[in-house]
Amino acid sequence: MESSGGRAEGSGRGPRVLVVGSGIAGLGAAQRLCRHPAFPQLRVLEATARAGGRIRSERGFGGVVELGAHWIHGPSQGNPVFQLAAKYQLLREKDLSEENQLTETGGHVGLPSVSYASSGVSVNRELVEEMASLFYGLLDQTREFLHAADAPVPSVGQYLKKEIRQRAAGWTEHEETRKLKLAVLNSFFNLECCVSGTHSMDLVALVPFGEYTVLPGLDCTFPGGYQGLTNHIMASLPEDVIVFNKPVKTIHWSGSFQEASSLGGTFPVLVECEDGACFPAHHVIVTVPLGFLKEHLDTFFEPPLPTEKAEAIRKMGFGTNNKIFLEFEEPFWEPDCQYIQVVWEDTSPLQDVTSELQHVWFKKLIGFLVLPSFESGHVLCGFIAGLESEFMETLSDEDVLLSLTQVLRRVTGNAQLPAPRSVLRSRWHSAPYTRGSYSYVAVGSTGDDIDQLAQPLPTDGAEAQLQILFAGEATHRSFYSTTHGALLSGWREADRLIALWDPQAQLPGPWL
Ligand SMILES: Cc1cc2nc3c(=O)[nH]c(=O)nc-3n(C[C@H](O)[C@H](O)[C@H](O)COP(=O)(O)OP(=O)(O)OC[C@H]3O[C@@H](n4cnc5c(N)ncnc54)[C@H](O)[C@@H]3O)c2cc1C
């Protein structure tokens, strides 16, 4: 294997550090290391042609749409993404206000502005509010099992269903109303699948569900696009630090590798890329998504990862949540409408779906968010999680547009509703360097698995310490699945290296 030369190579000063992946975790780590004089030999290897990873804003419909991260969750002083976005002046005045920062949402999505049922009528608002209050009340209860001695059932989904079944037994209304209540609850289950990035809440472990910490603050968006944040971080790095289109194939560690082009010292790690290029290093910070790690676990590390770490990667959950943007010539919704919920009256969280995906995939869609004014069109953003979302990725744009036009005509009761004039969607499961959307604590795993994944290697006190470090959203125990968890994890690993090479450094952590 021939190794590649580079920017600071040959200068021989300081450790050589490679960051794999230029999402917000990788960029955050790189920014922190670049600011420290001990790390002049830093490179970021990115598989694709762009930085940002799952932060991906695209120009569309005369505005900007977010194919990946949408909101800053909990925008308040304890959120580093909020702090950084505020520093770079990327947020609206009202989102910076103290009032917004102090608002407690409990991490729940706001109520729908309107709920359309599959028979073409709007669902009574009071019924929707009653079901939202039931659903979110139960969801809040699930968080309390974190400190309980034992749990009644393994998953969040089973717990919610058990409680709902009990409550439903006491409902005294007409059969039709009881069915409608369950159908509305089913839509909230679908929404929670999007929030948790899972196919089913039955896959999400009950006891560790409360590990995720909800920060105060009313979720906010970036008017110019989330990617403004990663672009700013990138602009602060020396120009040639990031190497694009350099997918890493295998990280050889615990070795003694030499640079082909110099007679210098040896390195404990060698990073081999898909194109054959090899980069020797003292330290590698791995920030690739958990979905990629799961798929390439057998070949990405040589020697393979210790059993406990490999097991943690296998056990943790990583599911799919996608967005489907529909552009309309004219809005069919009211001017103050923010969220259109879609309720399928033949569904219930207490009944499993048995039909083939091709006939029912669209029933997993939660409905649509109304995006704020665009220059040339009116845009709705649908969210869909799970296997149905992955199936949607296999369809053509025309098929998706046709299916959703039929859905909208049916639920609005307007057979003449003009079709959207265009569609744009994410396909995170098919993306080879992501393979899904974000992580969750799956049944069979716990918060300890997140900590296990975050442990650097080797762990046996070898002379060459911290050869492989792990960052990325799936490695942050209290903020997994978010951009702020990812950023903090990048800072955490950068600080680990800074502490190794500059023990006197004043570090602001701990980051967990
Ligand atoms: C649809 C969707 C909606 C979301 N909504 C929100 C939200 O509203 N709020 C929020 O806080 N979070 C949200 N998230 C989650 C958030 O986007 C992620 O948690 C965060 O961006 C992850 O950052 P990361 O750096 O850990 O990983 P990534 O951003 O995935 O970065 C990893 C990088 O590694 C690269 N890579 C992978 N394999 C290799 C390889 N072999 N060699 C080299 N490079 C490689 C990838 O190309 C990528 O650039 C959402 C995510 C999705 C998909």
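The structure is a predicted model, in which local features need pLDDT of at least 70, side-chain atom pairs count only at pLDDT 80 or more, and totals for chains, interfaces and linings use all residues. Residues are numbered from 1 along each chain as its sequence is written, and side-chain values use heavy atoms, with hydrogens and water left out.

Helix H6 comprises the 14 residues 156-169; at 1.5 Å a residue these should span 20 Å, and the end C-alpha atoms are 20 Å apart, which agrees. The expected span is 1.5 Å times one less than the number of residues. The buried residues of H6 are Val156, Gly157, Tyr159, Leu160, Lys161, Glu163, Ile164 and Ala168 (buried: under 20% relative accessible area; exposed: over 50%; partly exposed: in between; 1.4 Å probe, protein chains only). In helix H8 (residues 227-235), the buried positions are Gln227, Gly228, Leu229, Thr230 and Ile233. Helix H1 (24-34), strand S3 (57-60) and helix H2 (80-87) are included in what covers the buried residues of H8.

Overall, the protein contains 15 helices and 21 strands, assigned as DSSP runs (helices H or I, at least four residues; strands E, at least two) and numbered from the N terminus. For 512 residues, a compact globule would have a radius of gyration near 24 Å, and the value of 24 Å for the protein agrees; the radius is taken over C-alpha atoms, and the globule rule is 2.2 Å times the number of residues to the power 0.38. The C-alpha atoms fill a box of roughly 80 × 55 × 45 Å along the principal axes. Of the 512 residues, 56% are buried. Among contacts between residues at least 6 apart in sequence, 76% join residues at least 24 apart.

Most residues other than glycine have a negative phi, and most peptide bonds are trans. Cis peptide bonds, with omega of about 0 degrees, join glutamate 302 to proline 303 and leucine 457 to proline 458. Proline 303 is placed in the loop between strand S13 (301-302) and helix H10 (307-315), whereas proline 458 lies in the loop between helix H14 (447-454) and strand S21 (468-470). The loop between H14 and S21 also holds leucine 466, with a positive phi near 50 degrees; this leucine 466 counts as buried because its relative accessibility is 13%. Asparagine 245 has a positive phi of about 55 degrees.

Terms used. Contact means heavy atoms within 4.5 Å.
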